[in-house]
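Please look over the sequence and the structure below. A short report on them comes after.

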Amino acid sequence: MDYQKPCRRILDPKDMPMWLRSPAYHEIVSFAEQLSSSVAGKPVSAQYDISENVHSICKMLDQAETWIAQNPPDTTASSRFGNQSFRKWQTELEQQVPQLLHDLLPTSSHSAIVELAPYLTESFGNATRIDYGSGHELSFLVWLLCLCKIGHFAPSDSPALVLVVFRRYLALCQQLQRTYMLEPAGSHGVWGLDDYQFLPFYFGSAQFIGTSVPPSESISPTLVEAKSDEYLYLQGIRFVMEMKRGPFFEHSRQLYDISGVPKWEKVNQGLGKMYKAEVLGKFPVVQHLQFGTLFAISSEIS
């Protein structure tokens, strides 16, 4: 395959129909659904394959976290959101990504780095706006999809991609958000699912399918404290409770309403539909997506 540097193709709301019928759209929907299904009923401590390639990505994310200490937040900043030291962290990421991917991938896959690098670079936030949102999270999902497409991961790796790799990515993103007070990108405020993330709740709801824990317990501080290391959904709730003040039903209405749904299967189905509508179906989110040969908006180059 002739790899190419990805570029933006969704430049105007009129481009949305092209995106919604593209190979890339259908692949990312199927990939998210497959990952969700792969962790149904599985806590983090369940038995599943954890390959060396999974461990290698976690080590790479560990390395990226060390750059936070090397670039501490600017304590003279007066604004609540958007500490400018994040730009130094992001610059470090951009400089390191080519070598990180070179070390991560076998020689036979090095030609794909030109295509893989932009997705990883865009996965942690925007240095100009000093913000983070579901579009950056989507970029990481696309990066994982592309790694699967070049054969770096097998279908048997799916549970570990969620419960090990994505969980480690989520922890790093939360640390970046906490340290640099990143602005929520495109937040719907009290009416949004979450200021920053979506997928921990989608994947995490699948983890609870078949368990004795009802959705009504998902916002219980006792359960969150006890089980957030086992369930992505609770890891997401714990971060919300850490970052926001006041009654939960006031600052996180959607998550509060979800706790009233009787079954996790219904929660998971609803969040899957919501992801397609509110993330993949929204121009302000997907306008920043880039497309190449691995993640193709046109069938001619897929």
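## Overall fold

This is a predicted model. The protein chain holds 14 helices and 4 strands.

The radius of gyration is 19 Å. That agrees with a compact globule, because 302 residues packed that way would give a value near 19 Å. Along the principal axes, the C-alpha atoms fill a box of roughly 50 × 50 × 45 Å.

## Packing and contacts

Of the 302 residues in the protein chain, 53% are buried. Sequence separation in the contacts is also on record here: take the contacts between residues at least 6 apart in sequence, and 77% of them join residues at least 24 apart.

## Surface and charge

The protein chain exposes about 13,300 Å². Carbon and sulfur atoms supply 51% of that area.

Charged side chains number 25 positive and 31 negative. The centres of the two sets lie 4 Å apart.

## A closer look at Lys276

Lys276 sits in helix 13, which spans residues 264-280.

Leu294 is 18 residues from Lys276 along the chain, and the C-alpha atoms of the two are separated by 21 Å.

Note on methods:
Residues are numbered from 1 along each chain as its sequence is written. This is a predicted model: local features need pLDDT of at least 70, side-chain atom pairs count only at pLDDT 80 or more; totals for chains, interfaces and linings use all residues. Side-chain values use heavy atoms; hydrogens and water are left out. Helices (H or I, at least four residues) and strands (E, at least two) are DSSP runs, numbered from the N terminus. The radius of gyration is taken over C-alpha atoms; the globule rule is 2.2 Å times the number of residues to the power 0.38. Buried means under 20% relative accessible area, exposed over 50%, partly exposed in between (1.4 Å probe, protein chains only). Contact means heavy atoms within 4.5 Å. Accessible areas come from the Shrake-Rupley method with a 1.4 Å probe; for residues, only the protein chains shown count as cover. Lys and Arg count as positive and Asp and Glu as negative; His and the chain ends are not counted. The place of a charge is taken as NZ of Lys, CZ of Arg, CG of Asp or CD of Glu.
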